[in-house]
Amino acid sequence: KKGLIYRGVRMVNWDPKAQTALSDEMKVEIDTAALADAVAWTSRVIDARPSNPILAGVKLEAIDGTLQFSAFNYEISARHHIEAGVDEAGSVLVQGKLLADITKSLRSEKTYLVTDGSTLTITSGKSKFTLQLMPDTEYPDLPVVPAMLGQVDAPTFVQAVNQACVAVSREENRPVLTGVRMQFQGDKVVMTSTDRFRLARATFTWTPQNPDVDTTTLVRGSLLKDVARALDEHQNIRLDFDADSPTLLGFENAGRVSTSQLIDGEFPAVDRLFADEYPIQAVVNKQDLLDAISRVALVAERNAPIRMTFTGQEVALSAGSVDEAQANETLDIDMDGDDITVAFNPSYLKEGLSAVTEPFVRIKMTTPVKPVEFNGQQEADSDESMDYRYLLVPMRFNN
């Protein structure tokens, strides 16, 4: 084994043929479905091609009537635990993806895990697998989970994440734009993302550990979506953060604990993009507008805009050109202000509107070239909700 030092942790290039028994003996009886679920959730943080082979492992620790799982890739950690019948306590490290594939294929109600020297035997019904152990003494220590910052019910968090992540950039060469800025201000959390062409902002109320909290983090949008997808929506999610060591954000829900390294960088100053006043406003049924956009966009070439002409109490949607296919559709609206024509990327428009949870959407405009704000509202004649604000920059177009 060739050793190396990475961020203060000694690592090895693991050779399974040269592996010697480095783990305690372990003997466990466990519910098969719970085992498969825990392994699948924990192993999701394992990279397809880990920077070091040892990081392909999932660590299993049997102790005090529980089987604990952990995985790490230097950026994200995952910890989980479930009840188990522990006949012999111990700790082992095995190939995570292979273990996930095996456990999800098992059909018997109970599964038995037993170590013998350098192997782990998995028995469930008439199925039996034997895996080579990895040297768990060489596995890096997982980061310490910060203290709790506050908590919120899972459905509220999931909705906010889905809305805030709409404008997360896919440009990996600009890491700051792949993140979501999370501002914790008293009992409010504001989540914002931008890819320079649009901006998405979600705000929700939560229960902070300290009512005077005022801090900001920048966390990867892809991680937030991954966390939201796996939440037990019947339990709260706890967010963990230490302002004195602001490099890590933790998430806890239903016995599952994740941590993520925060993005190091300055999020763009985007607040100034929202106009103080919007002299032109229109309210329209959200689903009718989404359906019309989908139909009209059928004739739009790639990256070509869809035009929206607001006149009186109607909006006319159009796409295409005179020498190609064209499409037009008109919707009734409730409008205040002067006539105006704006054009948008249809994909960006649909993604932003789809994140609106209310049945109506208010479209707020200043000029044909300045950002347009979209908000949901519950009734056609009610005030708009400011819990989700979507800002989209119009495209230039030819008449």
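Predicted model: local features only at pLDDT ≥ 70, side-chain atom pairs only at ≥ 80, totals over all residues.
Let me start with strand E3, residues 27–31, where the side chains alternate between two faces. Val28 and Ile30 point to one face and are buried.

Now the neighbours of E3. What is the sense of its pairing with E7, residues 85–88? The two strands are antiparallel, and three bridges hold the pairing. Lys27 has Glu88 as its bridge partner in E7. E3 also pairs with E9, residues 110–116; here there are five bridges, and the strands again run antiparallel. In E9, the residue opposite Asp31 is Lys110.

Next, a helix pair. Two packed helices are described by the angle between their axes and by the distance between those axes. For H5, residues 286–296, and H6, residues 346–354, the angle is about 160 degrees and the axes are 10 Å apart. Angles over 145 degrees count as roughly antiparallel, and H5 and H6 are therefore roughly antiparallel to each other. The crossing of H5 past H6 is left-handed.

Which residues make the contact? On the H5 side they are Lys286, Leu289, Leu290, Ile293 and Ser294. On the H6 side they are Pro346, Leu349, Lys350, Leu353 and Ser354. Sorted by class, this contact of H5 with H6 has six nonpolar residues, two polar and two charged.

Note on methods
Residues numbered from 1 in each chain as written. Heavy atoms only, no water. Axes fitted to C-alpha atoms, helices over the stretch in contact; angles between N-to-C directions. Helix = DSSP H or I, 4+ residues; strand = E, 2+ residues; numbered from the N terminus. Parallel < 35°, antiparallel > 145°, perpendicular 65-115°, else oblique. Left-handed = near helix turned anticlockwise from the far one by under 90°. Contact = heavy atoms within 4.5 Å. Nonpolar A, V, L, I, M, F, W, Y, C, P; charged D, E, K, R; others polar. Buried < 20%, exposed > 50% of the residue type's maximum accessible area, 1.4 Å probe, protein only. Pairing = 2+ DSSP bridges.
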